[in-house]
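Welcome! Take a moment to look at the sequence and the fold below, and then we will walk through some of its parts together.

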Amino acid sequence: MRRQILKQGTAHADGNQVLILGQPWDYPRLLAEAPDWFHDAYRIGLWVWELDQFPGDWKFALDIVHEIWTPSSFSANALRRGTELPIRVVPHAVDRPEVSPLSRAEFGVRGDQFLGLAIMDLAACPDRKNPLAHVRAWSLAFGNDMSCHLLMKVRFKKNTTFARRELLREIGKARNITLVEQVFSDRDMAAFQRMADVYLSLHRAEGYGLNIHEMLELGVPTLATAWSGNMDYMGRYPHSVPVPYELVPYKDRTFAYQGADLAWAEPDIKFSARALREIRARWQEERASTTASRDPIARPRNIMPGSGTTSPNTNEALPA
């Protein structure tokens, strides 16, 4: 059996199975001029959903596809609430390209600073990515301590410029938080990720959380809200820190999601700040140990790693 891919309205005509790469809201555009063979093909939709209820405005697409693929069990469980079609969990592929980190100096960061990264696309539904929580957690953890720096790589669109203004107001006069808006190639993004000493994703909901998974694969300590798609894999990494949360009513100024009684997660900012301080303390110990090992005069030191971070499978808080 041959499988073809339908993306941006293109595909080959010699297949009898088609994988449609696009959310149902893209279907009117993708399928407006579908090839003749498409109607007789076995049609698979690749869908990703971030909330725990089936999206009511996607029901029309259930008559188009024969099967659904989705990258997380969280997304799959939500979709199963609205259909009896076959649903298969197909996680995203996580690649680790061999690239060198970008120069910290390019972003005004020194080599001896503890560097945090947050990467988010705010082109749609900025409230889901929760950018202000990242600023608040970093500021609560470190204040204006210039030995630490947070780079927030953020993408906006014209209809979400309100989120940019709001984020800049929240950052205010903080000299240890920088907004990065330049466009990266895939290779540059991989090199940017490799700069990090810690990664933050204090989201309210994720269908999968590809950046989270990529940073964990790189071995970077990673704080992420302990709800939604990222919980499929976070427990496999000892350097992951699932952040406790409270489920709260969905509220979004772009009205990206439709439905009654929708909810998503509100991560614990105080926990996140304590976790950041704990990770920074271990980072400092490791740097001191490395420096001592390179100094032939320095006495050997026995540094025990900190043990205050949360277990990957619990919401147990760190000690104050």
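Helix 4, made of residues 131-142, lies across strand 6, strand 7, strand 8 and strand 9. The helix runs at about 175° to strand 7. Helix 6 (residues 186-193) lies across strand 6 and strand 7, with an angle of about 145° to strand 6. Please keep in mind that this is a predicted model.

These strands belong to an open sheet of six strands, in the order 8-7-6-9-10-11 and with parallel pairing. Strand 8 (177-180) and strand 11 (240-243) form the edges, each pairing on one side only. From one strand to the next, the twist averages 20°.

How many bridges join strand 7 to strand 8? There are four, and the two strands run parallel. To find one of these places yourself, look for Leu151, whose bridge partner in strand 8 is Thr178.

Val243 lies in strand 11, while Ser272 is found in helix 8 (residues 269-294). The two residues are 29 residues apart in sequence, and their C-alpha atoms are 6.6 Å apart in space.

| Residue | Element | Relative accessibility |
|---|---|---|
| Val243 | strand 11 | 0% |
| Ser272 | helix 8 | 0% |

Is Val243 buried or exposed? Buried means under 20% relative accessible area, and Val243 has 0%, so it counts as buried. Ser272 also counts as buried because its relative accessibility is 0%.

Who surrounds them? Leaving aside neighbours within four places in sequence, Ser272 is in contact with Ala137, Leu202, Leu223 and Val243.

Which element gives the most to the lining of the second largest pocket? That is helix 4, with four residues, the helix that also lies across strand 6, strand 7, strand 8 and strand 9.

Definitions and conventions. Residues numbered from 1 in each chain as written. Predicted model: local features only at pLDDT ≥ 70, side-chain atom pairs only at ≥ 80, totals over all residues. Heavy atoms only, no water. Pairing = 2+ DSSP bridges. Axes fitted to C-alpha atoms, helices over the stretch in contact; angles between N-to-C directions. Contact = heavy atoms within 4.5 Å. Buried < 20%, exposed > 50% of the residue type's maximum accessible area, 1.4 Å probe, protein only.
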